[in-house]
Amino acid sequence: MSGGGDGNEAYGHRAFKRSRSHFTDRITADGRDGWPVEAGRYRLVVSRACPWASRAVISRRLLGLEDALPLAVTDPVQDDRSWRFTLDPDGRDPVLGIRYLAEAYERREPGHPGGVSVPAVVDVPSGRLVTNDYQQLTLDLATEWTALHRPGAPDLYPQKLRDEIDAVMADVYEDLNNGVYRAGFAHEQAGYEAACTGVFRRLELLSERLAGQRYLVGDTITEADIRLFTTLVRFDAVYHGHFKCNRWKLTEDPVLWAYARDLFQTPGFGDTVDFDHIKRHYYQVHAGINPTRIVPLGPDLSGWLTPDRREELGGRPFGDGTPPGPVPAGEEVPARGRP
């Protein structure tokens, strides 16, 4: 999710096109791009509002990488200069010493093209951006950072299931993860209708798939579930109203609503979600869609904590592994962002 560029007023006034990640270096076990996996060397910069960044937050927590890859959380309301560290004392990230994420981008490549997006991984010693490749980042956390995983960490991208996981994720990305944005930022009727139709067609197919199985691929949580969850958890709060994806609410589909609640109540998922950040970001930043910047009071979040009975379908959330431990001190979601 980008900040900066043409400014917040531009949202909704031109056709939406997802930017490709400009910085695609990878942090790997063998350091082949010059960035070896190393505990404490890098800083993961996220916004809890952003679904793409939230994937990395969930993966990091499930894998137990909190100490190895420290977290920086930005203000959910960025300005035209980019994501801001105004949640920290003096408005600076306490480790990187910068006020705006754009500063790390500029240290990497002055005058770089494109916006300033999260998630972003920054090299602490140099203060330079390493990668903003949101599609590859979580796959590498699962497969390249294994030496630093916690004991009992799940295999989120199992080798024998990767082809199926990749196929499911590609469809979910095209029609749903990205489709809600194409609908929300559409500036003409036909484009909106095509995108919105695709969103609900995919939701219906996912509902059919999940009616008889607890998780998307196999009998454990995988990367595919993480990528679907970060869109579903935002659906009623922002996509239904703000992005006009309003044929029906998530809570009106019994299968998807139960699936989303099951994941939300799984350690590592719901305990990373900040509904306050989510709502304030979408409704206050997308001024071209919501010029008053008024943030709605709803929806009622209490349903996220109700029983879902998905365990009756079997499945083992963490496979042969174990749940992550408590949320680290200082990373808890404030009460106003939780059900």
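**Helix α8 and its surroundings**

Guide: In this predicted model, the contact between helices α7 and α8 is made by Asp 225, Leu 228, Phe 229, Leu 232 and Val 233 on the α7 side and by Tyr 259, Ala 260, Leu 263 and Phe 264 on the α8 side. Sorted by class, the residues of this contact are eight nonpolar, no polar and one charged. Two packed helices are described by the angle between their axes and the distance between the axes. Helix α7 covers residues 223-239 and helix α8 covers residues 254-264; their axes come within 10 Å and cross at roughly 110°. Because angles from 65 to 115 degrees count as roughly perpendicular, α7 is roughly perpendicular to α8.

Helix α8 also meets helix α6, which spans residues 189-210; the two axes come within 8 Å and cross at roughly 75°. The helices α6 and α8 are therefore roughly perpendicular to each other. On the α6 side the residues in contact are Leu 203, Leu 206, Ser 207 and Leu 210, and they meet Val 255, Leu 256 and Tyr 259 of α8. This contact consists of six nonpolar residues, one polar residue and no charged residues. Tyr 259 takes part in the contact with α6 and also in the contact with α7.

How much of α8 is covered? The helix is mostly covered, since nine of its 11 residues are buried, where buried means under 20% relative accessible area. The buried residues are Leu 256, Trp 257, Ala 258, Tyr 259, Ala 260, Arg 261, Asp 262, Leu 263 and Phe 264.

Helix α6 leads on to another neighbour, helix α4, which spans residues 162-177. The axes of α4 and α6 come within 8 Å and cross at roughly 145°. From α4, the contact involves Glu 164, Val 168, Asp 171, Val 172, Asp 175 and Leu 176; from α6, it involves Gly 198, Val 199, Arg 201, Arg 202, Leu 203, Leu 206 and Arg 209. By class, these residues are six nonpolar, one polar and six charged. Leu 203 and Leu 206 of α6 belong to this contact and also to the contact with α8.

Asp 140 counts as buried because its relative accessibility is 4%. Leaving aside residues up to four places away in sequence, Asp 140 touches Arg 26, Ile 27 and Trp 145.

Finally, the second largest pocket contains about 320 Å³ of space. It is lined by 19 residues, of which Arg 48, Val 73, Leu 87, Gly 330 and Glu 331 are the closest to its centre. Strand β3, residues 71-73, gives the most to this lining, with three residues. The lining of the pocket comprises nine nonpolar, two polar and eight charged residues.

How values were computed: Residues numbered from 1 in each chain as written. Predicted model: local features only at pLDDT ≥ 70, side-chain atom pairs only at ≥ 80, totals over all residues. Heavy atoms only, no water. Axes fitted to C-alpha atoms, helices over the stretch in contact; angles between N-to-C directions. Helix = DSSP H or I, 4+ residues; strand = E, 2+ residues; numbered from the N terminus. Parallel < 35°, antiparallel > 145°, perpendicular 65-115°, else oblique. Contact = heavy atoms within 4.5 Å. Nonpolar A, V, L, I, M, F, W, Y, C, P; charged D, E, K, R; others polar. Buried < 20%, exposed > 50% of the residue type's maximum accessible area, 1.4 Å probe, protein only. 1 Å grid on protein atoms, 1.4 Å probe; cavity = no way out; pocket = protein on both sides within 12 Å on 5 of 7 lines; lining within 4 Å. Points joined across faces, edges and corners; volume = space filled by probe spheres on them.
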